[in-house]
Amino acid sequence: MLFKLALRNVKRTASSYIIYFITVALTVAFMFAANNVLLSDDLRTTDAVVRSDLGLIINIVLAVVVIIVGIIICSATAYLLRLRRREFGTYLLLGMKRGDVIKIFAVEHLTVGMVSLTAGLILGVGVFYAFNGLICAVIGSGIRPLSLMPVPSLQTLLEWACIFAVALLYSAVKLRALKISDLVTARPSGKRTPHWPAVEAALAALLLAFIVGDFVYFIDALGQVMTADGWGTDEAYMRFLISFPACTALLLAAVFLFYVCMRGVFVWRLRGKKESTFVKQPSGGERIVTCVRPSRAALKGGNVFYYRQMSGAMNRNAVMMGAIAVLLILSVMLSDYAFAQRYITLAGAERPFDIEVGWSVQRQTEYDYDLPDRALKAARSYSDTEFELLFDVCLADEPLRGELDLAVVRESDMNAMLAGAGEEEIEVADGTFYILYGYKGTVVNPDGTREEQYGYDGHIAEGETRVLYGNELAFAGAEQDGTVLRYARGSGDSGVIVVPDYIVTDAVTETYLDERVLLLNTADPVYSSAFDEYADGGYSVYVSSVYDEIDYINVNSSVLIVSALLAALIFMCISMALLSIKAMSDADADKKRYMILNMLGVSVKRQRLMLLRQLLSFSLLPVALPLLSSVPMAIIGSIICSFYLGYVHSAIIGISIAVPLVYLGIYLCYLAATYFLAEKTCIRPLERTRPRLLI
Amino acid sequence: MNILKLENVVKIYGRGGNATKALDGVSLDVAEGEFVTIMGASGSGKTTLLNLIASIDSVTGGTICVDGRDITRMSEKELADYRGQKIGFVFQDYNLIDTLTVYENVVLPLTLKNVKPEEIVARADDIMKKFGIGELSGKFPDEISGGERQRAACARALISSPALIMADEPTGALDSRNSRNLMELLRMMNKSFGATILTVTHDPVVASYASRVLFLRDGRLFNEIIKGEKTDSGFFREITDVSASAGGQDDAV
Ligand SMILES: Nc1ncnc2c1ncn2[C@@H]1O[C@H](COP(=O)(O)OP(=O)(O)OP(=O)(O)O)[C@@H](O)[C@H]1O
Ligand SMILES: [Mg+2]
């Protein structure tokens with residue numbers, strides 16, 4: 001009996017349950033997909049995830065999402081309960097036991113819950129493959145396609161079992177606490193108007209200014225610390241460190257309060273001036289009568305109705321709107337950040353040579369001179385090479401070594417390197433030497449003081465001679481070049497002495513060889529592990545492959561992107577669901593109002609327009625600021641990007657346009673569904689009350 | 001010239017075994033500038049009749065012509081215009097919009113028609129004073145009494161000076177003084193503006209303001225009294241007699 005009644009109720013209140021169903025199904029789908037991606041063993045054991053703290057970040061994101069979803073489902077459940085308090089009150093009045101009423105609600109709710117959960121899981125499989133596709137196709141080679149796993153799937157089910165249980169418990173407690181009188185006489189829906197509409201309107205304007213100011217301040221702080229020549233001063237750095245959390249917290253608080261205050265704006269727009277007049281009383285004497293007229297703006301084209309509807313809706317849902325705006329702003333920021341960091345780090349990984357292997361000679365053992373050649377041959381077997389260079393870096397001999405602590409490289413090797421990096425070659429005539437030196441570095445003087453110095457201080461005059469490996473060479477000049485020097489390892493970035501090829505004989509390398517360096521550009525990825533078997537032979541080996549780094553970035557950023565998208569999509573979903581549920585329940589109350597309008601001669605078409613205007617204002621307001629926040633986010637992204645890369649990656653601008661557009665698109669779809677339902681509730685029945693038997 | 005012409009109007013609610021025949025072939029002519037009252041027992045179809053004329057409900061059969069145009073064949077848009085331009089309707093259950101203040105409710109028909117704000121204010125102040133609800137302007141419908149609500153509903157119906165005013169038991173919730181005020185006001189609208197008035201009432205005193213009283217029983221018109229040259233008291237006595245024989249007085253709640 002109870003079950004039947006519950007089922008019938010579900011059918012009757014289908015429209016509010018539709019929203020609930022869509023929300024639960026979508027949220028389940030996203031959580032299922034994200035759990036399967038983020039908790040998969042494949043990903044968890046990836047080097048990149050193990051190396052960084054991503055595992056922790058993933059856990060935090062997943063936990064936060066579960067908590068927020070739990071809270072929302074609880075409030076949605078309580079809300080559905082409140083919608084029907086009168087009905088439940090009547091059951092109680094008719095002598096039904098409280099437990100039975102709770103049972104009805106529980107059965108009803110679980111039925112819808114199970115159906116939504118099932119739909120969500122089915123949809124989730126699709127979303128999972130979409131996520132997978134996104135990761136594999138867009139993100140690149142870093143990740144193999146993942147497969148569905150039982151553990152994450154079960155975890156999703158378990159999470160939802162908990163969420164449903166808590167939501168039911170919560171509503172059972174609420175239902176038990178309610179008195180019959182409360183249930184039967186549905187209480188008026190809160191205060192009708194804010195007490196100080198003008199103050200709230202002014203506050204809203206102030207808060208808007210504050211939000212803009214907050215962004216400006218943060219952007220300024222960021223600009224100060226991320227200057228063109230590196231991290232700014234210590235004060236700037238401190239200011240940045242403080243302003244980042246402070247600005248974020250203040251921004252979110254201001255956004256929340258802004259929406260809470262927005263309710264005053266409509267009442268303030270509505271309210272005209274009061275006018276008091278003296279009125280003669282029939283009993284003699286006079287009395288002051290105050291007339292409250294609407295403002296001129298409100299008297300135009302049915303605006304009174306619109307303003308009242310809006311202020312009512314905003315007033316009832318002020319807190320919810322604030323919360324939604326905060327969630328949405330977080331969504332936009334998270335997705336902006338997740339995508340931006342990927343493009344910035346990937347572009348930052350770009351370098352002239354894909355692979356660099358350095359074999360440093362360890363003096364105490366014999367070394368295998370041919371080992372690097374064998375490694376080069378092996379590399380060729382992995383991939384076609386577009387550039388290859390194997391060269392020697394030697395130590396200078398005394399006394400030049402005492403004067404200039406720089407490595408020695410053959411002219412042909414250095415020019416090949418410069419050509420490979422797309423730089424201008426240098427000319428070193430026979431009998432001369434040339435110096436290429438790197439960026440400034442810190443030098444510790446013997447007395448312990450520190451000094452910023454170039455690798456070469458310019459103390460040798462052109463034409464002066466020095467002796468190297470028994471040859472007298474004239475100084476031909478020096479030039480600064482930081483890009484290429486990091487590949488001539490040995491002496492680090494400080495600089496190299498470039499000499500004609502004939503100077504570095506086999507006998508010289510026999511004694512003075514410090515390092516052999518292999519530089520490669522390959523057509524296909526060759527990972528550093530390919531050189532593992534060439535890491536012996538009396539050398540200490542340094543291997544760096546850009547492909548390792550790209551993989552690392554790809555794994556990292558795909559995890560970040562999936563986490564951000566999960567959070568963002570779920571926040572979106574939840575926000576839209578809340579808005580729709582509220583809009584729907586408002587629509588129920590609006591039904592009578594629109595019917596009266598119709599009786600007063602407002603055509604159905606005009607009613608639809610009025611409903612649309614009301615719904616659009618109500619639903620677009622909380623997304624307006626979050627979507628607009630993409631503009632300052634683009635500026636922030638540009639500053640960070642030009643700091644790390646030296647230029648603004650076009651993707652940063654692309655993202656900050658695409659992210660809000662995509663969200664707006666999703667949002668508009670949802671809005672269309674809500675409008676359709678609200679229209680059905682508010683406006684259709686009027687037509688239905690006039691059966692068109694004759695027409 | 002007949003402003004209103006009903007021919008064989010039938011209204012059946014529901015379908016099959018559940019059907020209620022609320023109106024069973026009502027034919028009626030109302031001339032321009034007439035003041036007509038409809039009386040009848042509860043459930044006799046008075047509200048149904050007014051709703052049909054106001055195009056809030058659609059007929060099952062028959063025609064209703066207003067100004068020579070058949071409203072049963074009008075499109076939805078034309079009907080809305082008709083309701084907005086031609087008629088003023090006072091509902092039995094007031095139908096004030098709960099989220100609007102009394103003032104806003106009263107001016108609503110004018111603001112929907114994009115009348116100039118100055119004119120709206122002038123007309124609203126005038127009519128609200130006439131109905132004695134000026135001091136309620138800032139209150140909401142659920143903060144005022146039933147009688148005040150009724151007066152607000154009347155003010156809303158009359159503010160746009162419609163050609164055809166329909167009122168469903170407009171004095172139902174009013175004391176005798178306010179009842180008289182309202183009827184005087186309707187009479188004034190009738191006399192000075194030539195508005196045609198159609199009211200429903202159970203109260204013979206109220207009915208005696210009319211120039212013609214129609215009696216409904218089980219969805220049919222069964223009697224009519226015309227004031228003509230009759231004295232007020234004679235007219236009143238005739239109304240009480242007929243309504244007693246119709247059972248209206250006894251059944252009225
Ligand atoms: N929407 C409806 N659906 C079904 N039956 C209806 C509907 N509205 C009215 N009725 C029936 O039609 C008949 C006439 O109703 P109507 O409201 O016209 O009576 P009335 O004369 O106005 O009564 P009262 O004096 O009580 O207001 C009644 O029997 C009523 O039950
Ligand atoms: Mg009635």
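E5 (residues 355–361) and E14 (residues 513–522) of chain A are joined by six bridges and run antiparallel. E5(A) is also antiparallel to strand E15 (residues 539–545) of chain A, with seven bridges between them; here Ser360(A) is partnered by Ser540(A). Strands (E, at least two residues) and helices (H or I, at least four) are DSSP runs, numbered from the N terminus, and two strands pair if DSSP finds at least two bridges between them. Six of the seven residues of E5(A) are buried, where buried denotes 20 or more other C-beta atoms within 10 Å of the residue's own, exposed 12 or fewer, and partly exposed a count in between, with C-beta atoms placed from the backbone.

These strands belong to an open, mixed sheet of nine strands in chain A, ordered E11-E12-E8-E13-E7-E6-E14-E5-E15. Its edges are strand E11 (465–468) and E15, each of which pairs on one side only. From one strand to the next the twist averages 30°. Parallel pairing is found between E8 (residues 432–437) and E12 (residues 471–480) of chain A, which share six bridges; Ile435(A) is there partnered by Ala478(A).

Residues are numbered from 1 along each chain as its sequence is written, while chains are lettered from A and ligands numbered from 1 in the order in which they are written. As the model is predicted, local features need pLDDT of at least 70 and side-chain atom pairs count only at pLDDT 80 or more, whereas totals for chains, interfaces and linings use all residues.

Between the two chains, 36 residues of chain B are in contact with 34 residues of chain A, contact being defined by C-beta atoms, placed from the backbone, that lie within 7 Å. On the chain B side, helices H2 (76–85), H3 and H4 (117–130) each give two or more residues. That side comprises 15 nonpolar, 13 polar and eight charged residues. The classes are nonpolar (Ala, Val, Leu, Ile, Met, Phe, Trp, Tyr, Cys and Pro), charged (Asp, Glu, Lys and Arg) and polar (the others, Gly among them).

Helix H3 (residues 102–112) of chain B packs against helix H12 (residues 303–349) of chain A at an angle of about 130°, with the axes 9 Å apart. The two helices are therefore oblique, a term for angles that are not under 35 degrees (roughly parallel), over 145 (roughly antiparallel) or 65 to 115 (roughly perpendicular). Axes are lines fitted to C-alpha atoms, for helices over the stretch in contact, and angles run from 0 to 180 degrees between N-to-C directions. Asn303(A), Val304(A), Phe305(A) and Arg308(A) meet Glu104(B), Leu108(B) and Thr111(B).

H3(B) is largely enclosed by the rest of the structure, because 11 of its 11 residues are buried. The cover includes strand E4 (286–294) and H12 of chain A, together with H2, H4 and helix H5 (146–158) of chain B. Asn114(B), which follows H3(B), has a positive phi, near 60°.

Ligand 1 is surrounded by 13 residues, the closest being Tyr13(B), Ala22(B), Ser42(B), Thr47(B) and Thr48(B); a residue is near the ligand if its C-beta atom, placed from the backbone, lies within 6 Å of it. Strand E2 (20–31) and helix H1 (46–53) of chain B each supply at least two residues of this shell, and H1(B) gives the most, three. The shell has two nonpolar, 10 polar and one charged residues.
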